[in-house]
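Please consult the sequence and the structure shown below while reading.

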Amino acid sequence: MTQYHISIALFVGFVALVAGRAAMLRRQGVKAIVFGNTDKSDYLLIPFMLAIVYTICSNAFGLPMYKPLVAPFWQTQLSGIVGIILCIIALIGLAASLVSFGRSFRVGIDELNPDKLVTTGMFAFSRNPIYVCFDLFFAGQFLIHRNIIITVAVIGFALVIHRQILREERFLEGFYGEDYEQYRQKVRRYL
């Protein structure tokens with residue numbers, strides 16, 4: 001099994017964690033996927049995700065792709081191993097964050113049915129542990145694939161995620177008021 005195949009397995013695990021948690025909440029009557037409900041620009045993430053998915057699959061399964069776009073910047077097994085380790089750490093952190101989030105987990109901003117402000121578990125270390133894990137995971141994917149498409153997609157994904165964090169912070173300030181302000185003063189945005 002190549003590093004590219006391991007990359008796909010890790011990506012499947014990443015999607016399974018998020019989709020599985022959303023499905024569990026759905027069975028409990030919580031609509032966790034509210035992506036795009038408050039701002040259609042949330043859909044900016046989709047092209048970056050599709051580019052990452054297709055590139056990962058192209059490398060692993062030889063799907064058609066213009067070779068200079070998927071050619072690695074450098075040839076080494078070590079960066080791929082480091083990338084796999086980062087992805088595994090990110091998946092563990094993501095799982096812990098999803099557990100910490102409990103019933104409050106949402107994909108997108110849920111202005112109609114927000115839950116309680118979560119400040120414990122992984123949220124005691126970072127106000128955005130899920131997004132930190134997303135960025136760490138995709139940095140690991142970059143180290144595995146190390147090509148121009150993954151580079152552009154990962155940078156674009158990180159910028160769109162940062163924009164989402166700023167939007168969520170404005171919502172949290174308005175909804176939770178002083179409770180959120182106290183939390184924000186104690187815990188950093190990222191790490």
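The model is predicted: local features need pLDDT of at least 70, side-chain atom pairs count only at pLDDT 80 or more, and totals for chains, interfaces and linings use all residues. Residues are numbered from 1 along each chain as its sequence is written, and side-chain values use heavy atoms, with hydrogens and water left out.

**Overall fold**

- Seven helices and zero strands make up the elements of the protein; helices (H or I, at least four residues) and strands (E, at least two) are DSSP runs, numbered from the N terminus.
- The radius of gyration is 17 Å, close to the 16 Å that the globule rule gives for 191 residues, so the protein is as compact as a globular protein of that length. This radius is taken over C-alpha atoms, and the rule is 2.2 Å times the number of residues to the power 0.38.
- The C-alpha trace spans about 50 × 30 × 30 Å along its principal axes.
- Of the 191 residues, 43% are buried (buried means under 20% relative accessible area, exposed over 50%, partly exposed in between, with a 1.4 Å probe and protein chains only).
- Among contacts with a separation of 6 or more, 80% join residues 24 or more positions apart; a contact means heavy atoms within 4.5 Å.

- Q3 belongs to helix 1, which covers residues 3-27, and is buried at 13% relative accessibility.
- Leaving aside residues up to four places away in sequence, Q3 touches Q77, G80, I81, I84 and I144.
- V15 also lies in helix 1 and is partly exposed because its relative accessibility is 40%.
- V15 and L91 are 76 residues apart in sequence, with their C-alpha atoms 10.0 Å apart in space.

**Cysteines**

- The count of disulfides is zero, a disulfide being a pair of cysteine sulfur atoms within 2.5 Å.
- For C57, the nearest cysteine sulfur is that of C87, 14 Å away; C57 is partly exposed at 22% relative accessibility.
- For C87, the nearest cysteine sulfur is that of C133, 11 Å away; C87 is buried, with a relative accessible area of 0%.
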